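User: I am new to this structure and would like to go through some of its features step by step. Could you take my questions in turn?

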Protein chains: 2
Amino acid sequence: MSRLTLALDVMGGDIGPRITIPASLKALDDDPMLSLLLFGDSRQIQPELDKASDKISPNIRERLVIRHVSHTIENSQSVTDALRHSKGTSMRLAIEAVQCGEAQGCASGGNTGALMGLAKVILQPLKGIQRPALVSVLPTMDGNHSVMLDLGANIDCDAENLYQFALMGAIFAENRLNLVFPRVALLNIGVEAIKGYKSIREASEMIKKNTALNYVGFIEGNYLLNGVADVIVSDGFAGNVALKTLEGAAQNVIGLLKGRSRNDLLKPLFGWLMKILFRESYQRLRSINPEQYNGASLIGLTSVVVKSHGSANINAFTNAIKDAALQVRQQIPQKILDGLNK
Amino acid sequence: MSRLTLALDVMGGDIGPRITIPASLKALDDDPMLSLLLFGDSRQIQPELDKASDKISPNIRERLVIRHVSHTIENSQSVTDALRHSKGTSMRLAIEAVQCGEAQGCASGGNTGALMGLAKVILQPLKGIQRPALVSVLPTMDGNHSVMLDLGANIDCDAENLYQFALMGAIFAENRLNLVFPRVALLNIGVEAIKGYKSIREASEMIKKNTALNYVGFIEGNYLLNGVADVIVSDGFAGNVALKTLEGAAQNVIGLLKGRSRNDLLKPLFGWLMKILFRESYQRLRSINPEQYNGASLIGLTSVVVKSHGSANINAFTNAIKDAALQVRQQIPQKILDGLNK
């Protein structure tokens with residue numbers, strides 16, 4: 001593994017440093033080639049470091065740089081307002097650290113619209129890309145994975161936007177999932193050619209014409225986890241609704257299985273049986289849980305930008321950092337650019 | 001229970017009479033006050049009746065009228081094309097039977113757009129309603145239910161449409177779920193006031209101003225099953241994606257739990273434990289399965305129109321028929337009209 005530095009907005013997310021600092025320490029412990037630049041309020045960061053002081057080896061401490069910042073972007077700010085007052089915020093400084101080459105990628109759990117807006121202005125979209133998109137890897141019931149985009153960065157999308165998402169998603173899937181000629185599908189409310197928005201039907205025609213894409217047609221919400229497509233393309237509104245619906249369903253089911261039993265004495269026996277009978281299935285179900293699987297990425301930009309769930313816990317934010325590190329090492333932005341120019 | 005007649009389009013759905021005829025016989029057997037007018041191809045209907053002849057008592061036979069129709073509307077037809085060539089089709093004739101008073105409600109598993117278009121033209125929206133909507137009852141994890149609309153009848157919705165869905169949904173929930181002052185939420189991609197489409201934000205303001213509605217704000221996809229709202233309002237595209245995503249997740253989980261065990265010898269023990277530990281929870285999970293819970297309704301029309309899933313099996317189509325009968329007996333259209341005029 002190569003040495004690399006990531007810039008983190010440690011103030012982003014619903015909880016901030018109480019989550020992001022322990023997660024940063026965990027990521028540094030797990031990846032000895034990783035360095036982190038932490039942007040945030042040192043009055044909130046230092047207590048977290050003090051709490052964990054017995055776990056911070058000198059080796060970890062020297063790969064950790066804190067940049068004190070007193071301003072943050074709030075989740076409740078509109079994108080326009082957030083961008084106007086972004087100067088000197090933890091999110092903006094983290095992105096600027098990537099721009100000036102101090103870091104090779106960044107991660108934040110903050111305001112998605114602001115992150116997208118700032119990343120577009122500061123890091124710039126790749127040549128030819130109209131709109132970067134939010135992409136994530138979904139586990140499928142057959143034990144494989146799909147990628148899905150856009151997940152909320154662009155709520156209104158025209159056919160050209162959706163077509164570009166298909167291109168970027170296919171390249172992302174090739175590299176991240178190690179697939180040859182990944183199957184691309186468009187999320188729609190029916191599989192017949194006449195269903196859905198005009199933009200979706202037009203995008204369908206555009207994707208069909210590009211022989212570099214392995215287009216398999218429309219996909220409906222009930223097949224998202226069934227492994228029938230490797231790349232699922234959608235506008236950001238429907239994509240976000242679908243992803244959150246999946247996550248909610250998975251969390252509810254795990255809650256049911258873990259929690260509300262009627263007879264506590266039988267629970268250990270049940271747990272043991274569950275493990276034997278359904279080991280792989282249960283793992284698969286757990287993997288839909290956003291805690292296990294956190295970190296969407298903004299793709300179509302010149303550098304790696306990972307967006308953590310706002311509600312991420314320590315494990316989840318650690319996974320977002322690891323995801324950013326992996327994408328930097330895989331050179332995903334360069335590969336998307338190469339793919340577009342083919 | 002009162003005596004009533006329903007008109008069925010038995011050609012609608014992916015399979016047609018092989019599903020709809022056994023379902024009709026089951027519904028007649030279960031409800032001695034129900035009569036059915038079946039519109040469809042008698043060459044396909046008769047063999048199904050012959051197959052079941054030993055189960056058809058004289059009492060059932062006399063509550064069953066077959067109207068031979070050779071034309072049907074296909075799922076792949078565009079709405080415009082379907083409406084233009086709708087004359088004499090099973091779907092149109094079933095709706096016309098309601099218009100002329102031969103039946104008090106109708107059900108079809110056919111083309112949703114065509115069903116909505118024909119119902120709007122022939123049965124007319126209630127006074128003041130711009131667009132009827134597709135509504136369904138969802139089970140929630142706490143053992144209760146929510147209603148959700150629109151589920152696919154109107155893919156592009158403005159603020160006024162969404163506002164009317166909220167009004168109709170609240171009245172539907174009051175009557176069907178027997179609730180007082182049901183909590184209304186708008187499906188969005190975040191709970192902050194600045195999230196989502198302009199139409200959603202405007203609808204939010206309109207609903208807030210109507211003190212007859214118990215508005216609780218935005219709801220995200222991951223809370224759809226959590227019982228935080230009794231009425232979930234959405235445009236038809238996102239609503240359809242969310243519903244199908246939920247159904248797919250539930251079916252996958254049930255598949256996991258039922259099916260793919262690694263050790264068949266332990267399965268009976270597991271099943272027994274499952275039953276003891278999670279009886280209610282498991283039932284709740286099963287109830288999200290579209291087979292258990294089929295039949296969305298077009299509301300905002302002068303009469304009851306139920307849309308079954310195209311992929312409904314016999315039990316599911318039986319449930320759609322029962323749903324239509326219940327709504328007729330509950331006088332849902334009249335109650336919506338009364339509620340709107342309050």
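User: Is Lys244(A) buried or exposed?

Analyst: This is a predicted model, and the answer rests on values computed from it. Lys244(A) lies in helix α9 (residues 236-258) of chain A, and its contacts include Ile189(B), Glu220(B) and Asn222(B). Buried means under 20% relative accessible area. Because its relative accessibility is 13%, Lys244(A) counts as buried.

User: Which residue in β11(A) is the bridge partner of Ser108(A)?

Analyst: Ser108(A) belongs to strand β4 (residues 105-108) of chain A, where Cys106(A) and Ser108(A) point one way, Gly105(A) and Ala107(A) point the other way, and all are buried. In a regular strand the side chains alternate between the two faces of the sheet. Four bridges join β4(A) to strand β11 (residues 304-307) of chain A, and the two run parallel. Within β11(A), the bridge partner of Ser108(A) is Lys307(A).

User: Which residue stands opposite Gly105(A) in β4(A)?

Analyst: Strand β1 (residues 4-9) of chain A runs parallel to β4(A), and four bridges join them. The residue that stands opposite Gly105(A) is Leu6(A).

User: Which residue takes a positive phi in the hairpin of β10(A) and β11(A)?

Analyst: The strands β10(A) and β11(A) pair in the antiparallel sense over three bridges, and Leu298(A) stands opposite Val305(A) in β11(A). Strand β5 (residues 133-139) of chain A also pairs with β10(A) in the antiparallel sense, over three bridges. The hairpin of β10(A) and β11(A) has four residues between the strands, and the residue with a positive phi, near 100 degrees, is Gly300(A).

User: How many residues apart are Arg329(A) and Asp31(A), which form a salt bridge?

Analyst: The closest N and O atoms of Arg329(A) and Asp31(A) are 3.0 Å apart. The pair links distant parts of the chain, with Arg329(A) in helix α11 (residues 314-330) of chain A and Asp31(A) in the loop between α1 and β2 (34-40) of chain A, and the separation is 298 residues.

User: Which residues are linked with Lys26(A) in a network of salt bridges?

Analyst: Lys26(A) forms a salt bridge with Asp30(A), whose closest N and O atoms are 3.7 Å apart, and both residues lie in helix α1 (residues 17-30) of chain A, four residues apart, about one turn of the helix. At 38% relative accessibility, Asp30(A) counts as partly exposed, and at 34% Lys26(A) also counts as partly exposed. The residues linked with Lys26(A) in the network are Asp30(A) and Lys322(A).

How values were computed: Residues numbered from 1 in each chain as written. Chains lettered and ligands numbered in written order. Predicted model: local features only at pLDDT ≥ 70, side-chain atom pairs only at ≥ 80, totals over all residues. Heavy atoms only, no water. Buried < 20%, exposed > 50% of the residue type's maximum accessible area, 1.4 Å probe, protein only. Pairing = 2+ DSSP bridges. Contact = heavy atoms within 4.5 Å. Salt bridge = Lys/Arg side-chain N within 4 Å of Asp/Glu carboxyl O. Lists of a residue's contacts leave out its neighbours within four places in sequence.
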